[in-house]
Structures are given as C-alpha cells and as structure tokens.
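Subject: Structure handover

Hello,

Here is the structure you asked to look at. My notes follow below it.

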Amino acid sequence: MALLIDRIGELVTNEPGCCARGHLTTLKDAAVVTEADKIVWVGRSADAPAADHRLDADGRAVLPGFVDSHSHLVFAGDRASEFAARMAGEPYTGGGIRTTVAATRAATDDQLREAAGRLRAEALRQGTTTIEIKSGYGLSVADEARSLRIARELSEETTFLGAHVVPAEYASRVDDYVSLVCGPMLHAATPYARWIDVFCETGAFDADHARAILTVGKAAGLGVRVHANQLGPGPGVQLAVELDAASADHCTHLTDADVEALAGMWTVATLLPGAEFSTRSPYPDARRLLDAGATVALATDCNPGSSYTSSMPFCIALAVREMRMTPAEAVWAATAGGARALRRDDIGVIAPGKRADLIVLDAPSYLHLAYRPGVPLISDVVHNGVKL
Ligand code: NIG
Ligand code: FE
C-alpha cells in the first residue's frame, strides 16, 4: 500500500551526504510517498504521484521520526520519592539503581513486558520511531537475559548493560562480578543484544574493568557504547574513543582532552538533558562539543531514577534552552544524530530508500518543538510505513 503525504509546509529531510554534522536540511511545499516500509519518493507537492492513501499535511511540518538512542525501559517500580528528595536538596548518586534492581528481580515476565510496552507506546505517540533499550536492572544471568528478551520484543536496538552497578550480593567481590559479566552473563545476553554498555564512573566500574567487559563484548560481536563522564570527570569518554564506541553517553563533565578526543571521530557524544533536569545537575556543554566538531545526539535516558521521561520533544526544548544548541542542531541531533549513534543510515533522514518513519507536527515548522515546550505537537506518526 502506498501512502502520499502532501501539502507539507516544511519537510525536514536531513538529506544524507549534504549534512556533515548537525546541518538540518528542509524543503518547502513538499510531499513524500511511502510504499510498504520504505520512502519511495520525495519532492514538490505539486509534482507528487498518486497513491492508495493520502494524508493532507495542510501546511504542517513533517520530520523523520525521532531516534532515541539511549533508554532503560525494562524495569519495575518507580523512584518518585527519590526524585522528591532530590528536589529538596539530596544529590543524585546512582545508589537508587539497586532499589530498581530489587523491584525488577521480583517482577514477573508479564509485569516487565507490560510496563516496558507501555513506555514504548508512550514514546511512539510522541514521535519516537526507533528506540534503543538497555538491560541493567537484572544484574544476574537470568534477569539480564530476560530483560533483553523483553527488550528485543520491542526493539532491534538492544544493549546489554550487565555492568550497570555491582549488585549487593557481589559488593566485596567486584572482580568476581566482572568475571560473571564477561562470561556466563554475556553468553546469555548475546542472542538478544546488538550492543554492550558499561557505566564507567566512580561507584560503578573503573576504566580497567570497563575495558575488560567492553573488549570481550566486542569480541562476541556486540557494538560498544559507554555511560561516560556523567557524575564527574573520568576515563569513560577516552575509553569510548579508544574502543571505537558508537557513542559516549552523558558527556556532562568533559576536559579539553575529552572534547578533543571526540572531535571529528565516529564516536558520537550523546547528550541526555532529561538526566540533568531530573537530578538538578549542570547540563553538558553542547556548544563546546559542536564547536569542536563532535557529532552530537540527543536521547531521553528514560529510566526510573535519573530521567523518567520518554519525550524527545522535551529533550529538544531543554537542549535549546539550557545547552545552547540551535533548534536546527537539536532536531538534527534527535533524528540523524541518534541514527549515527546507532550506526544506522536507514533512519533519521527522509529520502528515497530510507525507512518510512515520519512524524507530522501540529505546527508549521520544526522550530515549534523548542518554541512551544510541553505542548503535544505530534499529530501523526508513520512507523515502518504504517500510520498509527
Ligand atoms: O543513565 N547512570 C547510570 N544509569 C542511568 C540511571 C539509572 C538509575 O538511576 O536508575 C543513567 O542515568
Ligand atoms: Fe542511561
């Protein structure tokens, strides 16, 4: 079935080839035709061919679906009281991760599946057509494997994060836990994972442990991503670049050497402003990264502790207001940037041959995503060629 979306006031194409880093490209008075799960035609609305179905955009803006390249959707319970304590002055330390691990282990498969599915549907309604989902709240062989099995039912972009924190039962045996992660846990996770990630941070895993885990994951065929430099300066970013990670995520506390290491590299700096919002922390310096020539992606980090939002528009608004990104840079980072962070060239762009993942805004321009924060502007979503 072919679908024609015509009379588009502003079409964000992120045309491949012409946009190096953060250069959003647009067409006025445009149309797009999709056939099955692919885009087959892009051009002027007046020249558009007929199709089986038509969606009249009536002057509204159309964008590639958002690519949320960092989320932790498989968990049980919430940590609203921890959030309230933070808003009353408590710092965020990551210590609450173990609370969610206990709740997640106690949940049934169906409870986890239902909760993660609800969050996936919530994100899709807000325009997220691709979402990466991490494990990391199981931290036993069986619980990590089932988290990834459930994540895989919702996304092809799944990440093994057995090295999120050291679980309580291994508290004085970190080396033993690292061996478990590198051996039986990795073995059980690999069938369901595309990526491996480590929380490389004081209080979680140091550079040596993180390198060991990521190296063995890479040898098992997984792509590398790193939770890097979130709570303080540290080795995460340098390690990500050293291992040719697809992405160094958070990048909140960077030295000049870290920024230099990311500049012009394939490793994307994925910024997660929902985490700084929800932990009342200083935002990462997106301007410094962009000006140095790094590729920047934006993602939600959706999780019950540090960032319980599934909204990419919210992250775009924060990035523009708080991180000195232009609206064009932020929208590019939330679409094409996310695709780069997942090493994908079939999403995040609108061009013939690419995936038919599109959103129609209830606004004439992508600018409104930052200009009208908190307003539900996503009026239609086309996912894999199917209009929701
Ligand atoms: O990306 N920092 C590590 N992991 C998550 C937080 C997890 C939690 O607090 O439950 C993050 O912020
Ligand atoms: Fe995270």
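Where is histidine 70 found? Histidine 70 is in the loop between β6 (66-68) and α1 (80-87). Helices (H or I, at least four residues) and strands (E, at least two) are DSSP runs, numbered from the N terminus.

Some ground rules before the rest. This is a predicted model, where local features need pLDDT of at least 70, side-chain atom pairs count only at pLDDT 80 or more, and totals for chains, interfaces and linings use all residues. Residues are numbered from 1 along each chain as its sequence is written, chains are lettered from A and ligands numbered from 1 in the order in which they are written, and side-chain values use heavy atoms, with hydrogens and water left out.

Annotated sites

UniProt, in an unreviewed entry, lists His70, His72, His227 and Asp301 under "binding site". These residues are spread over 232 residues of sequence, yet they cluster in space, with a largest C-alpha distance of 12.1 Å. His72, His227 and Asp301 belong to the lining of the largest cavity. A cavity is a set of points, on a 1 Å grid over the protein atoms alone, where a 1.4 Å probe fits but cannot get out; lining residues have an atom within 4 Å of a point.

The feature "binding site" (unreviewed entry) is also placed by UniProt at Arg79, Tyr137, His164, Gln230 and Ser306. From this set, the lining of the largest cavity takes in Arg79, Tyr137, His164, Gln230 and Ser306. Tyrosine 137 lies in the loop between β8 (133-134) and α4 (141-154). UniProt positions use the numbering given here, feature names are shortened, and annotations may be inferred rather than shown by experiment.

The ligand

Ligand 1 sits in the largest cavity, meaning that more than half of its atoms lie within 2 Å of the grid points. Of the 15 residues around ligand 1 (a heavy atom within 4 Å), Tyr92, Tyr137, His164, Gln230 and Ser306 come nearest.

Which polar side-chain atom lies 2.7 Å from an oxygen atom of ligand 1? That atom belongs to arginine 79. An N or O atom in the side chain of histidine 227 is 3.0 Å from an oxygen atom of ligand 1, and for histidine 250 the value is 3.0 Å. The protein covers 100% of the 330 Å² of accessible area that ligand 1 has on its own (Shrake-Rupley method, 1.4 Å probe).

Regards

Technical notes:
Polar contact = N/O pair within 3.5 Å; in protein donor to acceptor, adjacent residues only side chain to side chain. 1 Å grid on protein atoms, 1.4 Å probe; cavity = no way out; pocket = protein on both sides within 12 Å on 5 of 7 lines; lining within 4 Å.
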